[in-house]
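Visitor: I have a few questions about this protein. Could you walk me through its helices and how they pack?

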Amino acid sequence: MLINTPRFNKTSVERLVNFWSNRYVPDLSIIASKNGVLKIYDLLEFASRKGRNKTVTKLQRLIQINCECAGIKTDAMFSYIPNVVNLTEAKRIAEFVCSVYEKVLEIYQEQSPNPSLMAAIRLGETINFFTDFSSPWTMVALELPAIEKLATSLEPVLRQLRQQHISAKDRRAIGFVTTQFHFSTQLVLNRLTLPEQILLSPYFKFVEEQVSIPWQRICNAAALHDFNSPSLALVEQLLPVSQDIAQTVYQRTEELHSGHFSRRGGLDDPGIKASTIRDLEMFQGYLWLCALEGNMTSIEQELLPLCLLVFPSVDVSWKLAEKMLQLLVDELNARIESDQMYLLLPYTKGLLELFSDLEQKAL
């Protein structure tokens, strides 16, 4: 969530920061699935200073209108709740979301690789993705700035957005904010070529997750633990596979509930799949945060109120949500040793009980 936290500066946190950073490596599998063989120039040309300037120039003309369109879509989705945000607040939120994306583009533009490095990489001719795109030289040209630097650079604009959320009359407006980021990212990326999408997606993914998933707070909470802490070891074990866990749970949910349709469509819809996998990672993030903090406060006071707003707005039943969470808990338990169960049990049990209570109230 949009909660300010100090920068991480303790040795016991470094490995979690590295795991967090690895989430934002460009997804080159898209190229493999669509093209197989690609000239490295086609991708690296967009990664060059000239290519990034061209991308940013194109998007600077589109960011504002896309954020406004995302605001309209978000407002329509939450229209069943009277005045969750008023017109003025919605406009201000759209402006702040726009400023966040403008800052991301500024950082992206500054990240242009060293020209000599680009020249060295271009010595390769047509390359095969599976052998050459894994080259460390190529990855240096495509990688994001250090996570700490990216988080610090974005903190001032996110702080402004946080103040706008706090000042909203309805505290459930955080659901409005997270949904607007999701729609904004979709609309902006649709304006880009495939190479540009590959390069910019990690930056936008970082922003969207900064708003909805408490990765930074998880890293900070690790500073409360000794290096050999069992709870810290458990989080280090599960965090790197969070996306795989989410995808497995989603696939299982789709198999068991193929006939489910929400306001946005069926479970086989690509947009619903992407947002649900993100939500499943958000649930994992809050479980780890609670495990490291030693209490359920973050789930009870932050995650649950958000779900109370968002799930009804997209016609997701509490019954389906509870079943999906049970599948998530089952998958987490399957990936840890029996002598680790006690570390996670208080939080997985608490999470399931909270959602079971909500389902009973909704009946």
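Visitor: How many helices and strands are there in the protein?

Guide: Keep in mind that this is a predicted model. The protein has four strands. Its helices number 19.

Visitor: What share of the residues is buried?

Guide: A residue counts as buried when its relative accessible area is under 20%. The protein has 363 residues. The buried share of them is 55%.

Visitor: What part of the accessible surface belongs to carbon and sulfur atoms?

Guide: The accessible surface of the protein comes to about 16,800 Å². The part that belongs to carbon and sulfur atoms is 53%.

Visitor: Among contacts with a separation of 6 or more, what percentage is between residues 24 or more positions apart?

Guide: Take the contacts in the protein with a separation of 6 or more. Residues 24 or more positions apart account for 85%.

Visitor: How are H14 and H16 oriented to each other?

Guide: Helix H14 spans residues 230-238, and helix H16 spans residues 270-293. Their axes come within 9 Å and cross at roughly 165 degrees. Angles over 145 degrees count as roughly antiparallel. H14 and H16 are therefore roughly antiparallel.

Visitor: Which residues of H16 does H14 meet?

Guide: On the H14 side, the contact uses Ser231, Leu232, Val235 and Leu238. By class, the contact of H14 with H16 has six nonpolar residues, one polar and no charged. The H16 residues are Trp288, Ala291 and Leu292.

Visitor: Is the crossing of H15 and H16 left-handed or right-handed?

Guide: For H14 and H16, the crossing is left-handed. For H15 and H16, the crossing is right-handed.

Visitor: How many charged residues does the contact of H15 with H16 have?

Guide: Residues of H15 in this contact include Gln243, Ile245 and Tyr250. Those of H16 include Lys273, Glu281 and Trp288. By class, the contact has eight nonpolar and five polar residues. The charged residues number two.

Visitor: Is Gln160 buried, partly exposed or exposed?

Guide: Gln160 sits in helix H10, residues 147-167. Its relative accessible area is 41%. Buried means under 20% and exposed means over 50%. Gln160 is therefore partly exposed.

Visitor: What distance separates the C-alpha atoms of Gln160 and Ile93?

Guide: Gln160 and Ile93 are 67 residues apart along the chain. Their C-alpha atoms are separated by 9.7 Å.

Note on methods:
Residues numbered from 1 in each chain as written. Predicted model: local features only at pLDDT ≥ 70, side-chain atom pairs only at ≥ 80, totals over all residues. Heavy atoms only, no water. Axes fitted to C-alpha atoms, helices over the stretch in contact; angles between N-to-C directions. Helix = DSSP H or I, 4+ residues; strand = E, 2+ residues; numbered from the N terminus. Parallel < 35°, antiparallel > 145°, perpendicular 65-115°, else oblique. Left-handed = near helix turned anticlockwise from the far one by under 90°. Contact = heavy atoms within 4.5 Å. Nonpolar A, V, L, I, M, F, W, Y, C, P; charged D, E, K, R; others polar. Buried < 20%, exposed > 50% of the residue type's maximum accessible area, 1.4 Å probe, protein only. Areas by Shrake-Rupley, 256 points an atom, 1.4 Å probe, with all protein chains shown as cover.
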